[in-house]
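Subject: Structure for you to look at

Hi,

Here is the structure I promised you.

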Amino acid sequence: MKRLLFAVVLLCFSSLLFASLKAPERSTPGSVLSPYSYVQPFHAESYEKCMSAGTTTTKSMGFGNASQESSSKMDPEICSSMYWMGTNRSGVPLVEYASQGAKIVLFPSIFAGLLTCLFAIAGGLLRCMNIPFVDSVTQVFSEIVGALPRMVVIVICALLLPRELRGLLPLAILWSILSAPTAMDEAGAVAMRLGGARFVEALRAHGFGAFRIYLYHIVALNLRPVVVRQGAEVMMQVVFLELSLSYLAIVAESGSLTHSDDVRSWAELLHMGYAAVVVNEPSMHALMIGLSLIALIVVMATSLSTMARAR
Amino acid sequence: MKKWWIRPGIRMFAAFLLPILVPAIITMFIWALPGDPASIICPIETCGLEQNRILAKELHLDEGMWSFFSHWISQAIQGDFGRSNYYGLEVLSFQEGKVDLLSESIPNTSLLILFSLMIVSIASMLGSLNMPSKKWDPVIVMIGVIPVIVLALISGAVVEIAYPGAEFPNPKDWLKLIMGAVTLGFADAAFSGSLIGFRETFAREKNQRYVGISILRGESLFSNTFPNVANGLVGQYRARLLHILSGSVIVEVVVGISGVGDLLLRGTLNQDFSVVLAAAFIFSIFSALLLFFQAILECLIALHIRKAPSDIHMYEQQLEAT
Amino acid sequence: MSIKRALSVCFALGVATLAAAANVQFYDENLPGSLNPLYAESMVDFRAQELYFDRLYFNNPLNNRLTSKISKRWELAGSQGVRLFLNEGLKWHNGEDLTAADICFTINAIKDPKTTSVRAKEFRKSFKGCTVEKKLVALIEFNSVYYYPIARLNFAVLPKSEFQSTSILPNTDFSSRPIGSGPMSGAKGRQAASFKAHRSSSHHSPKIDKMSLNQAQDPRVQINTLRSGNMHGIISVAPPFRPELASSSEVVLKTYDLRSWWFIALNDKKKPLHIKEVRQALNYLIDRNDLREKSIGVKKGDKESPCELISGPFVPSSPYYNKSIPEVERKHNAKAKSLLNRAGLEKKGRLWHYNGEAVLLNIGMKDTLNKEAPDLLDQIGNQLGEAGFDRRVDRIDALEWRRDIVSGKAGSKYDMVIGKWSFNIDENVNHLFETRKGGKGTQNIFNYSNPEVDAILQEFNDARTDSAAKEAYYKLHAKLSEELPYLFLWKLDTKSAWRKEVRSNIITPYYYFTLIDQWKYSKK
Amino acid sequence: MNTRLSTYIFWGMMGFGTSCFSSDNSTSEQASIETPSTQGISKDYWIYRLVQAEKRQPFIQDIGWQNYYTRDFANVIALSKEESLARFHLEHAALYRQALLMHSYATQKTVLYKSLGSQNKETEAKIDPKTVPLDSPQHAYLIAIASIFLEDYPAAKTYFDRVPTGPEFDSHVAQWRKWLDSDKKSPPTLSGFFFSAEGSSINKSPSWNEDQYAFSMSDGSTYEATDGTSLWLLSRWHQDQAAKILAEKSNSAALIDQWLAPWRLPFETSFVSPTETKVLELTDDWFLFGFYLQAEDMAFMHAVSTDPKSAISSWKSKSTFAEYIDLCTKEDQLNAECIKDNAEKLRQIAEERNKELLKGIPIEQIDTNLLYVEFPSFVRFSLLRAAALYAFKTKQIDAAGYLMLEVREASGVVRDPVSLIFLTAYDAYNANTVRAPELLHEYADEFSALQSARIPLDFLQIQLTKDGSHIPTY
């Protein structure tokens, strides 16, 4: 079971990593006249057409309005990426959206996840040390921070942040801070169930060193499930956060808040899909890809946390 | 052992601090922005220096951050949030027939929250009655993992298909509210979380020794378990509410409900400070109230439990669990 | 939320479309910024205000006659004055009477130096004063002799009753809930601007009861909602979508005469753009043909193409357009390279370096242009990228454009700004290139300042004969195409699309809704 | 797993949404517009005749027609032959007449701008040619020429008196004076005026002399001006070519007269004696992509231009145009909206009819764009054009303008230059420079003379806007 889950996590992660490594630095603009607009995935015909591009065809009818239809030579790589995920309206392969989106979210989300893990560990350990003052301080902190509606804070910060600082990372960090209280509480609760300070005493009695007690017995053996789960969740949430913010930016017609304007986020896939649903634009494939990417993240996160739990 | 009142006390404290803290932080942000606030609201090029100065005086932007903030908060308490610079309207006005921003937005948002709250409450009720059976969990969880943005998008689509174009006032607004509520109610594990959460809590409590004993004593299960789990439940409940509250920003914008969340986003986009401050203030009040109620409840329960026969230590644990 | 609305939900499901039919809904590129005529900035503002307000005199788009809904006749009063006789029974939206007092109030407001509007500054020059002679008779005096005195009276009339003083400021309630005398009353909401027929006055009888202006969304959505009959009009249809609409049987495309040309403004304060050669090199590095094919969908040599390249600040059909200056159609790498080298730039690797560091260009584009020319920003970015310039691209939303770009504060943020200017028949470009000081150069994006150019512009202002004016702008065209404060891209025609139910909808050049009284909505 | 699930939910939602909420968006079906009662009219339109491929073939083969279709008018003259060439020459003749009309109105408005402006627009402008102030004495010549073409001979004479003597004008003034002093029963015989037919042939238009007058103004600027007479000569040249080709045809005089009648200049009435209006026997060269659906319509338009009053009553039972214009006229007021509706209706009928005629032929063998889109829209625009001209001739200026704006929306082969240049003349007549420059610019490459013809219009625009108060807008 555990192995399987591990494999899944590894698979998801490596695929994301691969994608973000392969991602083109900037979005390639298409053309409104592109002969490849809304190519559906696995559409062999247009793949052939793409591979054989560069040839000219002439059709003539009626009043000799001979129309020359020629298309420039295409790079086979583009053709194949067209083949796998199809294209958008102006013939840009959606693979690009997927990979650039991955690039945007990958690092910040992982960072936020790790940060949250640290918070959780801290929360747990603090309980075991049993210092009432610190306890109540942390509680005040967690009460206040925990009482802030996260999205509100994020939106305000995202938009008041000066342009050059704008990006997903600061927001991710902020998010993990905002979700710290929950993590700390849970970890604290676990530590409490162990018996908190008394548990530490007991281990001391066995003559274990502090290092071993805290890092091995408490964190590694007992807090692990909680910590990892919290981390995984926050990681997932950060990805969703990016989606939401980018989508909001699209809806509100403002410049993007989480990435520079010349890369594309997964949100744009969803937005394309929206058009497919509302005005039956042939872009359902975009929606599907978007949703499956979300699914990928979910699967990764859930299997990560279950893996940690599985004993 | 800690005093039982410390925690509620701290909550109260936080509840009172919050509505002051949030605008304070935002004010700091505003001052951190490049260019002085007055000329962001009315650039000297278009307003002229003189006007700019006058405006700065009116809004107390000229004597630095602190005087602005103190002035603002004192006004806000009297329900005067100044006027929106982008919409050219009062943010909130109590005059008859005068149009303002909040008196349109607050009802929408509260209705949205209310409806979604219903969904959550149903879920928690089901949970506490230990329904539905565990074999449904995978499905429920699956629904739970859908991020709010995706559901919001779908709701938006449904509304757009139902009533394209924009007409005011029209049934579209109600549909929007309902779809929005559904979104908030199910997305991000609102439904599944509260259902499963409540069920777990009750289940755990049922297996406590004292419950068995009291049942032998011929007392009802619920009367025994409830007081002890109540705290945990209240905590969970508040967490959900908060989550909905924060999700409402996304939903309102994507589905197109003209509520406080929408106001907040557009306000920030247009650097419409009075609106941003007001909206954020409303949100913080909202959540402060929640905190406050939780604290009260905790006290009541604590007092109740002190009368009732039960294991204090157990209760302590419950507290930690929240 | 009242019970009534709650009830309406039940049956509204059925009657929703009927309800919609009474209301003519259209997309404009944005929501209006200000509805106060003195503070109109974008074309959207102008179009919306044309519905809320009456311009004292306007040109009838059919016979070009200077007409007025407000004054029934006029006569010369001395060499520099005009006496207006107003119609009886004119009412403002709020039910008050429209009298000569309002006319004079408006003129005084325009003259009041505390009124900080750029537009008012322009009008201010011409007016000496205004006196109310009778309730419905106003005497307007000018500062100089005008050949078409009433042609200067094309400003919107403001209601005296709505203002405390003649110093009128932006961002008042009035700018979002105006009281006008125009054919439609209404206000700007959060998602739309609404219009309701103003029939309580003798001078307007619009046949359409309600209209609403919605912010344009994704072009696809616009087109489809229009075709499905849920929307009735689109003010500006992006060129790529025009053929589709032209072939549809429910929708007609209508020409909207608007002289607009697109440009890339260059920040000549930023190194190395301060060197003329570099600007010229950039001009050669932009492949305009490729741009307009990929983002507008116009191939070179298309007949009646909506998009024509330009080499100066005028549309090619303008009398000021100097035809002797050739347009740069495609890339000229060699020329550009030599120019850059001459300017002291050197190419290390794939990037051009100036004083040892790679050149980074911050490019911004007005967000709404992206609907008309999808991906234009990325296209230009990539072309410069290939040419060896590192770049950052940003979208500029309406607010930032209004607040930072036009007012000339973008220098710190951007090095190139992509935008478009629109003109009425008066193609005066002085405000774009004059040195910004003393009410001049109010729209000089990067505060470009060049004494020679200023001299030419002054020459234009001083020109007494039309031939002199023409020569001045010919000179300007030549000068600018060499100095290049802008890279001039193209002119692009604007076309509207309206459903056939909207009938006798004559589109007035520039102001658009002037003849709204004649518009009809009928299924027949 | 999760994707599938969420998509299920998605579809569920959609189904829910559409089923519960979507309210049927009934697209506006055009309720039938009352069609005329008189059914006696022959409906033998060229668009029906030329549906048969074999009838169309000769034209498709003809390179001249191909260029006409792709609207390379410059080549059309060079590459056509026989009757079609004659027609194209006549079209050029008509076009340059409209250009000249525009030129004359624009000159009048721009030269007299200052004097016209201060007058109250409600009353008609009162100008005294003797005393009216002019920017420079040379302007007198320009306005004099304009007055001639606009048939204001007395004014023309007075203006000629004010023209300073000088090499560039003397011969021109002399020639025109001569004609003015004659009984004007014959067209002026002119030479010079920057126009020479040398090197030109029936398939080669004379080369256009771009630069004409340039006189220096008081403030040192040079005023470039063009002489309307050159346009007149060019137009005449094309007319003569047509006449040459048609020489041996019996009805050539009537044909040329009918073709040019709607486009004649005011001053031509002095020397042109209209032929009596009759229906001509014509080949399809005269109809394909043209103004008229059948010979009757051509005759009707001739009647309209000679005697607008009685034209309808005498032709409504023969010509489709007359029929519909009559239908939409209530006590001598043409209802433009009604014309617009009927034109659209007519287009639909034509489209149906063409589909009817081609039933049974596999679709891929049909040039659907040509036969189902372009041919039918010719019906629509022909009617609009005719009605617009009718309205103009009967002094219903606004109706004419409204219809012309509709005509302007035409695109592709339907977009004919002649009526668009007519629109510019109409605008110049109203001192309106909003639309005209764009239209003139559109055809300047094809008809090089237009480049010079627009010069007075340019000056008019500058006059109108010189002391304007406009700021560029985004």
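In chain C, strand 1 (residues 23–28) runs parallel to strand 10 (residues 210–215), and six bridges join the two. Keep in mind that this is a predicted model. At one of those spots, Asp28(C) has Gln215(C) in strand 10 as its bridge partner. As a bit of background, strands in a sheet are held together by backbone hydrogen bonds, in either a parallel or an antiparallel way.

Both strands belong to an open sheet of seven strands in chain C, with the order 8-9-10-1-11-22-12 and mixed pairing. Which strands stand at the edges? They are strand 8 (184–188) and strand 12 (251–256) of chain C, and each has a single partner strand, so one side of each has no neighbour in the sheet.

Helix 2 (residues 43–52) of chain C packs on this sheet, where it touches strands 1, 8, 9, 10 and 12 of that chain. The direction of helix 2 makes about 140° with that of strand 8.

- Glu244(C) and Arg220(C) form a salt bridge at 3.5 Å, N to O. Glu244(C) sits in helix 6 (residues 242–246) and Arg220(C) in helix 5 (residues 219–227), 24 residues apart. Glu244(C) is partly exposed at 24%, whereas Arg220(C) counts as buried at 10%.
- Lys270(C) and Asp415(C) form a salt bridge, with their closest N and O atoms 3.4 Å apart. Lys270(C) is in the loop between strand 13 and helix 7, and Asp415(C) is in the loop between helix 12 and strand 20, 145 residues apart. Lys270(C) is partly exposed at 23%, while Asp415(C) is buried at 3%.

One last thing to look up: a network of salt bridges links residues of chains C and D. Among its members are Lys254(C), Lys500(C) and Arg503(C), along with Glu337(D), Lys340(D) and Arg380(D).

Cheers

Technical notes. Residues are numbered from 1 along each chain as its sequence is written. Chains are lettered from A and ligands numbered from 1 in the order in which they are written. This is a predicted model: local features need pLDDT of at least 70, side-chain atom pairs count only at pLDDT 80 or more; totals for chains, interfaces and linings use all residues. Side-chain values use heavy atoms; hydrogens and water are left out. Two strands pair if DSSP finds at least two bridges between them. Helices (H or I, at least four residues) and strands (E, at least two) are DSSP runs, numbered from the N terminus. Contact means heavy atoms within 4.5 Å. Axes are lines fitted to C-alpha atoms, for helices over the stretch in contact, and angles run from 0 to 180 degrees between N-to-C directions. A salt bridge is a side-chain nitrogen of Lys or Arg within 4 Å of a carboxyl oxygen of Asp or Glu. Buried means under 20% relative accessible area, exposed over 50%, partly exposed in between (1.4 Å probe, protein chains only).
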